[in-house]
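Here are a few notes to go with your first look at this model. Keep the viewer open and follow along point by point.

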Amino acid sequence: MKVLFVCSQGMSSAIAVNALKKEAEKKGVSIEVKAVSTQEFEEEVKKGYDVAMVAPQVRHRFDYLKEYADAENVPCALIQPQAYSPLGGAKLLKQVTDLINKS
């Protein structure tokens, strides 16, 4: 599974990305996560991701980002704030897999 993580590239985003990777590893799920800024998103989303997740810090850009994701048939959603803890990986992994399964 390939996840594009759109964020402001701050420390809280690193926590969520690491929690997601650790949870996927525990569940035996192969995952690749790439964190990008909103400026990099337009080009990066075209590279074949399964899902795009948008960090709460950039939720004001969500509609704009979702348009690009929709054009590439990449499910896109806001990350729930609860995912921003070392134990939030389970909720984030569930959100990611639910999005992929719906598409």
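1. Start with Lys2, which lies over the face of Tyr49, 4.8 Å from the ring centre. Bear in mind as you look that this is a predicted model.

2. There's another case like this to click on: Arg61 lies over the face of Tyr64, and here the distance to the ring centre is 4.5 Å.

3. Stay with Tyr64 for a moment, as this residue also belongs to the one aromatic pair that the structure holds. Its partner is Tyr68, with the ring centres 5.3 Å apart. The planes meet at 65°, and edge-to-face pairs are those over 60 degrees, so that's the label here. Both tyrosines sit in helix α3, four residues apart, which is about one turn of the helix.

4. The largest nonpolar core has 33 residues, and Phe5, Phe41, Met53 and Leu92 have the most contacts inside it. Elements giving two or more residues to this core include the strands β1 (2-6), β2 (32-36), β3 (51-54) and β4 (76-78). On the helix side, look for α1 (11-27), α3 (62-71) and α4 (89-102).

5. Setting aside residues up to four places away in sequence, Phe41 touches Leu4, Val6, Val36, Ala52, Leu65, Tyr68 and Ala69. Notice Tyr68 in that list: this is the tyrosine from the edge-to-face pair.

6. Next, have a look at Gln95 in helix α4. With a relative accessibility of 16%, below the 20% cut-off, Gln95 counts as buried. Which residues does Gln95 contact, beyond its neighbours within four places in sequence? They are Met53, Ala77, Leu78, Ile79 and Gln80. Met53 has come up already, as one of the residues with the most contacts inside the largest nonpolar core.

7. Last stop: Asn73, in the loop between α3 and β4. Its phi is near 55°, a positive value in a residue other than glycine. That's worth a second look because most residues other than glycine have a negative phi. Asn73 has a relative accessible area of 68%, so this residue counts as exposed.

Note on methods: Residues numbered from 1 in each chain as written. Predicted model: local features only at pLDDT ≥ 70, side-chain atom pairs only at ≥ 80, totals over all residues. Heavy atoms only, no water. Core = buried A, V, L, I, M, F, W, Y, C linked by side-chain atoms within 4.5 Å. Buried < 20%, exposed > 50% of the residue type's maximum accessible area, 1.4 Å probe, protein only. Contact = heavy atoms within 4.5 Å. Phe/Tyr/Trp six-rings, centres within 6.5 Å; stacked < 30°, edge-to-face > 60°. Lys NZ or Arg CZ within 6 Å of the ring centre and 35° of its normal.
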